Amino acid sequence: MLSSRLYSPTLREIPADAVVVSHQYMLKAGMMRKVASGFYAFLPLAFRSIQKVENIIRQEMAKVGSQEMLMPIVQPAELWRDTGRWDVFGPEMFKLQDRHGHEYCLGPTHEELITAITHMDTSSYKQLPVSLFQIQNKYRDEKRPRFGLMRSREFIMKDAYTFDEDEAGLDKQYQLMYDAYTKIFTRCGLTFKAVIADTGAIGGSGSHEFEVLADAGEADIVYGTECDFAANIEAVIPNTLYSDITNDREKELVATPGKHTIEMVCDYLNISIKQSIKAVVYKLDEVVVLALVRGDHEVNEVRLQNIYNAVNVSMASDEDLIACGLTAGYISPINLTGSEKFDIIVDKTVMEMKDACCGGNVVDKHYVHVNPKRDFGDVRVDTIRLITKEDVCPVGGGPIEMRKGIEVGQVFKLGTKYSEQLGCTFLDKNGKSQPMVMGCYGIGVTRTVAASIEQNHDEHGIIWPINIAPYEVVIIPANTKDEEIMNAAQELYEALNDENDEVVLDDRKDRAGVKFKDADLIGYPVRITIGKKWKESGTVEIKVRRSGEVIEIPFVGCEAKVVTILNELREKNL
């Protein structure tokens, strides 16, 4: 490809609404353009990287016997109503009607449709297992699209589905997909962890997320430093922490004028935040829930949602608090149990406190010397807090580390959730009808591209892993007006480009410095410069983008050296 023909309109300034690195560099390097909030057009450079990720996926899916297909983006509402998910997705689902008034959605995912399709033609155990996948655009009307491709409203996704006779078959398919995903993300040159995850709106009995470790990640992951345990923070049930502060005093209601936050109360009473109890009021579907955790902890909202099997989770409104007789900033369960207006749920660590401070249920009043087991009455107790750095590994008991991650893939054991709801059954060996046992496996293709940039960049631009770089090599003739230099550059371009389309010849009339900056910004893994030294001594300069290594080599040996460098990068998935 000649740079003069390559459609990559680079920018000198980063757009103000681009916050994370991948968003900034993909816009600046002319890889994509924003069409509307959460919608992007992929220009040739980005599209080549997307296609390379897709090809890696296709190759690894073939190895585990999964066959590619393509389903409609538009899906009938009836299928989603049959599974109860038409309302679960709520406003995040793009919904539409045709001219006849029939309701449809733009597919946010395809569990319902693939189940219905498989049911059409699969009726016997002899036809199982079935493993199918597609690579297709998905649509979710995010409330706040942000971070470019990290959270957009239209994105490219690979989703695979398996159908088996029993749980043993599902376990086998799940492991095959888990291993395939490990190979896919390794080949993409990513540093990642497979972590235990919550199944969320998809449902099912087990799940793992594949998280790319990057500071821009929205997910918090935790892993043991002395064992193999790794999980999304929301999927961890931490061990109960026991307080070393004890007392045998009766609770006492004290004045805390104007102190309505944990920090203000603890400062005023001169106590540790670990001695305080935090009250947070939620609306879970139509149920108001008072959740209590230790003052230095946070409520695990996903865990709370699962406990109540709720679809929608939000903070309770002022109107909800008034209706329940609760006073914001001064809430506790003391003398409130037995109410039919709201539920109370208390974290196990709170119940182990012996000398605590909590709200007095009166403005400007708090209780001190509280012993929850003694003073809270009949409350529901469960683990509802997020794990913290002070905790130990819930599996191995050793130290833990916490990192930010970008979710690029997730695998689910769906079981019979969808097959039972949609009547997807088969006749077993005894002629008895059984629901198929399903698995679901997704990869965010466009998010994988963005995650790669978040993990592989410097102040100059992108550092692409070789296997998903839009082009592998750029040749820069320092002076395009010099016919001899241009002839040499053309000769090398044709030699390296003989078998594949992975080389760019920067034949633009711009200064060499401009070309160098664009090469670093776009992130070509290997840069070859032909300039004065070629004229003087017949040598060219090879620069490896990732390491910064610069090699001077005779022009006649340049082609072989570049091939060697590229092969080494491929072998190491760099």
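What volume does the second largest pocket have? Please go on to the residues around it, and then to the cavities.

Analyst: This is a predicted model. The second largest pocket has a volume of about 330 Å³. It is lined by 22 residues, and His260, Ala279, Ala328, Gly329 and Tyr330 are the closest to its centre. Strand S14 (277–284) gives the largest share of this lining, with 5 residues. Helix H6 (262–269) and strand S18 (356–359) each supply at least two residues as well. By class, the pocket lining has 15 nonpolar, 6 polar and 1 charged residues.

Next, the loop between H6 and S14. Gln275 sits in this loop. Gln275 is buried, because its relative accessible area is 15%, under the 20% cut-off. Beyond its neighbours within four places in sequence, Gln275 is in contact with Ile245, Met353, Asp355, Ala356 and Cys357.

Now the cavities. There are 2 cavities of 30 Å³ or more. Helix H14 (512–522), strand S29 (526–530) and strand S30 (539–544) each supply at least two residues of its lining. Among the lining residues are Ala519, Asp520, Tyr524, Arg527 and Lys543. The lining divides into 5 nonpolar, no polar and 4 charged residues.

The second largest cavity has a volume of about 30 Å³. Its lining includes Trp464, Pro465, Ile466, Arg546, Leu569 and Leu574. By class, this lining has 7 nonpolar, no polar and 2 charged residues. Pro525, Val544 and Arg545 line both the largest cavity and the second largest cavity.

Notes. Residues numbered from 1 in each chain as written. Predicted model: local features only at pLDDT ≥ 70, side-chain atom pairs only at ≥ 80, totals over all residues. Heavy atoms only, no water. 1 Å grid on protein atoms, 1.4 Å probe; cavity = no way out; pocket = protein on both sides within 12 Å on 5 of 7 lines; lining within 4 Å. Points joined across faces, edges and corners; volume = space filled by probe spheres on them. Helix = DSSP H or I, 4+ residues; strand = E, 2+ residues; numbered from the N terminus. Nonpolar A, V, L, I, M, F, W, Y, C, P; charged D, E, K, R; others polar. Buried < 20%, exposed > 50% of the residue type's maximum accessible area, 1.4 Å probe, protein only. Contact = heavy atoms within 4.5 Å.
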